[in-house]
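Welcome! Please take a moment with the sequence and the 3D view before reading on.

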Amino acid sequence: MKIAVIGTGYVGLVTGTCLAETGNEVICVDIDQLKVEKMQHGIIPIYEPGLDILFLRNISQKRLSFTTNLAMAIKDAQIIFMALPTPPGGDGNADLSYILGAAADVSKLITSYKVIVNKSTVPVGTADQVKAVFKANTAVEVDVVSNPEFLREGVAVEDFMKPDRVVIGTKSEKAKKLMTELYAPYVRSGNPILFMNEKSSELTKYAANAFLATKITFMNEIANLCELVYADVDSVRMGIGSDERIGKRFLFPGLGYGGSCFPKDVQALSKSAAENQYDFQILKAVMTVNEKQKTVLVDKVLKYYKGDLKGKHFALWGLAFKPETDDIREAPALYIISRLLLNGATITAFDPEGMDNIKALLGDQISYASNQYDALKGADALLIATEWSVFRNPDFEKMEETMDHKVIFDGRNLYDLQKMIDLGYYYNSIGRSLIIPGANAAEEGDQADLTGNLNELVSL
């Protein structure tokens, strides 16, 4: 099948490459000439595990190509994917100008039937707006389909090649037939292709992301409560995650959600609800809690240093919003850096993939290390903002030799509590408090006081 993909951002490039991998002839089009030239020479513009192998293979086998020429890209395409950004506008709504602009351009060029696929995350009713653009500009028959993506950064190739489900919004039997043929290779194990109307498909994507964001936020609230009552959030997480009605995923506490999807999608759904006179109170609470959670680690740092960070130097491990990506959009690290700098601290950071993006954004406001241990030189404390695998089993002896003080604030709960005590570290993490049984307390009242003192000394 001949496919055109408009937009070579994260979604567009993964979509185009994975569609080529199953034998389709795919042309990806972008207005960025320099970016297109790099891709034509086999240089991939994003970091996504496993994508580079498919990218280079399909270029070499001439199933995947890149151009800035829209007319050439769509001329013979049976299906045209629009994978364009929908950033938040000034009012919180998704900005559809890229989508509608591309629709207008395509509508003036087509001469035969096409299936136009909205792959971007868009508000309910966007398919109708795109249809109106085509109707205003051409008499050529088109079907506008909503086909939201459910790709997780870091495992996007696997998600595309082996999807849990494929959601397609269309009422056209002609479009259904083409889309079924296109996605058949990806659902051979029996996972469903779910057909529904366009508005239901558009809302499905927002509802999925908003629900997951709510689940993350709820667990962060539980973690914050755990610290106050001396409970262990890891035990609570396992206790509720074993309930099949709840499930184990998205229950790890931390520094809130970030990235390109959850923040803008939750905001857009809340805004869409308000425009339809519905007060979506849960989403308002999710956004408020998540904003505060991004800097909860700095609150812990300020408490430890009694509010005075002037002259303090911190090492920061992790800049990307999650591991296995270089995406720093809405990353908690950005908020942590901002508050530390405002309080007079200095920072040296390390991230396996995200440092170039941070340098482009922040320049020399912070320092950068070539590896995780160099980042620790002269540090009063280490802050951990991203759970990269390379951070999970560090050389603690080397860390002790390099850092000025054995102090760690861990926003991702990477290390065993008792091990950190045994190693002599002050270790403060999210939602975990260590109670030492029988520690010089003859009575329950004394034990309660001891627990409070221990939490001040070593909040875990």
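Predicted model: local features only at pLDDT ≥ 70, side-chain atom pairs only at ≥ 80, totals over all residues.

## Lysine 300 and its surroundings

A polar atom of the K300 side chain lies 3.1 Å from the backbone oxygen of S429. Residues are numbered from 1 along each chain as its sequence is written, and side-chain values use heavy atoms, leaving out hydrogens and water.

You will find K300 in helix α13, residues 296–304. Helices (H or I, at least four residues) and strands (E, at least two) are DSSP runs, numbered from the N terminus. With a relative accessible area of 9%, K300 is buried; the word means under 20%, with exposed over 50% and partly exposed in between, using a 1.4 Å probe and protein chains only. Leaving aside residues up to four places away in sequence, K300 touches E227, F409, N428, S429 and I430, where contact means heavy atoms within 4.5 Å.

## Strand β1 and its partners

Now let's turn to a strand. Of the 5 residues in β1 (residues 2–6), 4 are buried, so this strand is largely enclosed by the rest of the structure. Strand β2 (residues 25–29) runs parallel to β1 and is joined to it by 5 bridges; two strands pair if DSSP finds at least two bridges between them. Between β1 and β2 the chain passes through helix α1 (residues 10–21), making a right-handed β-α-β crossover. Right-handed here means that, with the strands pointing away from the viewer, the path from the first strand over the helix to the second runs clockwise.

Strand β4 (residues 79–82) also runs parallel to β1, with 4 bridges joining them. In β4, I79 is the bridge partner of I3.

## A serine in a loop

S172 sits in the loop between β7 (166–169) and α8 (173–183). This serine is buried, at 14% relative accessible area. Beyond residues up to four places away in sequence, S172 touches Y113 and D143.

## Cysteines

How many disulfides are there? The count comes to 0, taking a disulfide as a pair of cysteine sulfur atoms within 2.5 Å. For C18, the nearest cysteine sulfur is that of C28, 11 Å away. That distance is too far for a bond. C18 is buried at 0% relative accessibility, and C28 is buried at 1%.

Notes
Polar contact = N/O pair within 3.5 Å; in protein donor to acceptor, adjacent residues only side chain to side chain.
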